[in-house]
Each structure stands twice: as C-alpha cells, then as structure tokens.
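My entries follow in the order in which I looked things up.

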Amino acid sequence: MKKIGFIGSGNMARAIMGGIIKKGLFRPEEIMASDIWEPARERTQKELGVEVVENDRRVADESEMLVLAIKPQFYMAVIDQINDRVRADQIVISLAPGWTKRRITDTFGRKLKLVRTMPNTPALALEGITAVSSSRLVTKEELDRVLQVINSFGKAVMVDERLFDAVVAVSGSSPAYVFIMIEAMADAAVLEGMPRAQAYEFAAQAVYGSAKMVLETGKHPAELKDMVCSPAGTTIEAVRALEEKGFRSSIIEAMKACAKKSREL
C-alpha cells in the first residue's frame, strides 16, 4: 500500500510530490501517480522516481491518501471511474476550484474522509500557500497528516470553505498577475537600456524581497509603501502614475472576475 497516490501528474501534482520527497516525508517508492498521457507519465517517473501508471483505479486501490490532481472538468468522469474503489477509511484530497466538499460527496453518492484544498504554483519552489477545509469524518490525527503533506511544499492555512473563491483569486491564480507585473517591470528596464536577463533578475528579486517584508515585518503594506516614497522623489512619482492608470482598480477587478469564474465552475 502506497502512502499517497495522485490521479493526475501535472505541474501541481509534481510540485506536491517533489515537496514530499525533498522534505523526506515519504520516499519515492511510497508514492504512486496516474496519467492517461504517456509523456506525462514518463516525465514524472524520470523527474521524481515514483511509480506512474495509466490506470486511475489502481491508484485508488493502492493508496492510503488519494489526491484528485485533475482539472475541474474531469472530476465527474474520474469520480465515476474510481467510485467503487475508494474506501471508507481512505483520505481523499481535492485540489480543484469550484468543486465544494458537498458537490464532491454528492457526486460520490456517499460521505467521505474528504479534505478540500486550494494550492498555488509557487509550490514548485516550495513556497506555496494552500487553503484547507476538511469534512467532519476526518479525524484530527488524519488532518494533521494531510497538513504535514501540504506544509512540505509551502504553508497550509485552515480556511472556511465559503472563502475558497476568494482564495482562488488572491493566491491560486495570482501568480499569473505577479508574473505579468514582473514581465512589465523587466520590459521597462530594457527600455531604459538594461540587458533583459538582468532586468528579470532585478524585477523578480524586488518582488520577492517586498513580499518577505510584508510577511516578516508585520507592517501594513501601505506603511511599507510610504517608507519608500520620499517627498518629491522618484517613487511617489511612479505611484502617482500607477494610480492615474488604474493599477489598484485593475487588480481588484481582475480578482473579482477570477472569483466569479471560480463560482461558476
């Protein structure tokens, strides 16, 4: 019996498996994954050394914890395929936006030891943040095991499930917003004459360092912003231009659209 199995071996599944292995939580031979796409199976096996199979039912059969690491549109078909193989004592972990615990249990047609999560792609760098909500059938000891897995690739935070659409907007999808900002910052630096590789390095490090300041100082972001803005200086001029172009509002509107889409999935 494997400690954990993954139905799906895409980027998020590989990030989670990689974190588990790097932290020494489970050995590669204690992990199994499935994928219908042969190149994905080969990549996962080569990169991580875990057993990768084509058959989802086999993963359900042979895993203590079962992670549904597939896109939301495939949940219905996969649940139908594995339903009779999922055991009452098995912990099922979902990763998909839009699929509430109630929707998943209704699709299975029975109550489960279910933990709903919403991770994000910085898990690839072991810096993910994951919202977690568990069903009543999950014991404290079982939830602790799941949290240990999640903490291996970042940080786990218990969140009321009604806030998961907000989580999708503020962390699940937000790396894309940040990548766009980094790309735009680098483009501007290139426009000013900086080599592109160096521009990406400066832009990414500035974002990384700024995020650490928010997390480690405990100061309000507005206070940290004010610390950089000298009177009549360069930064306040940049802030003025950002406000004039609707920078703050565009982020809010993007997140509203993201949360709305999450609710509709």
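**Entry 1, terms and model.** I count a crossing as left-handed if the near helix is turned anticlockwise from the far one by less than a right angle, and as right-handed if it is turned clockwise. Helices here are DSSP runs (H or I, at least four residues), numbered from the N terminus. The model is a predicted one, in which local features need pLDDT of at least 70 and side-chain atom pairs count only at pLDDT 80 or more, while totals for chains, interfaces and linings use all residues. Residues are numbered from 1 along each chain as its sequence is written, and side-chain values use heavy atoms, with hydrogens and water left out.

I looked up helix H4 (residues 75–82) and helix H5 (residues 101–108), which pack at an angle of about 45° with their axes 9 Å apart; axes are lines fitted to C-alpha atoms over the stretch in contact, and angles run from 0 to 180 degrees between N-to-C directions. H4 is therefore oblique to H5, the class left when angles under 35 degrees (roughly parallel), over 145 (roughly antiparallel) and 65 to 115 (roughly perpendicular) are set aside. Their crossing is right-handed. In contact (heavy atoms within 4.5 Å), Tyr75, Met76, Ile79 and Ile82 of H4 meet Ile104, Thr107 and Phe108 of H5. These residues divide into six nonpolar, one polar and no charged, where Ala, Val, Leu, Ile, Met, Phe, Trp, Tyr, Cys and Pro count as nonpolar, Asp, Glu, Lys and Arg as charged, and the others, Gly among them, as polar.

I then turned to helix H8 (residues 174–191) and helix H9 (residues 196–217), which pack at an angle of about 135° with their axes 8 Å apart. This angle makes H8 oblique to H9, and H8 passes H9 in a right-handed crossing. Among the contact residues I noted Met181 and Met185 of H8 and Tyr200 and Val207 of H9. The contact holds twelve nonpolar, no polar and three charged residues.

I searched for a cavity, meaning a set of points on a 1 Å grid over the protein atoms alone where a 1.4 Å probe fits but cannot get out, with lining residues having an atom within 4 Å of a point. Which residues line the largest cavity? They are Ile4, Ile16, Val67, Ile93, Leu95, Thr117, Thr130, Val146, Val149, Ile150 and Phe153. Helix H6 (residues 140–151) gives the most to this lining, with three residues, and the lining as a whole has nine nonpolar, two polar and no charged residues.

How values were computed
1 Å grid on protein atoms, 1.4 Å probe; cavity = no way out; pocket = protein on both sides within 12 Å on 5 of 7 lines; lining within 4 Å. Helix = DSSP H or I, 4+ residues; strand = E, 2+ residues; numbered from the N terminus.
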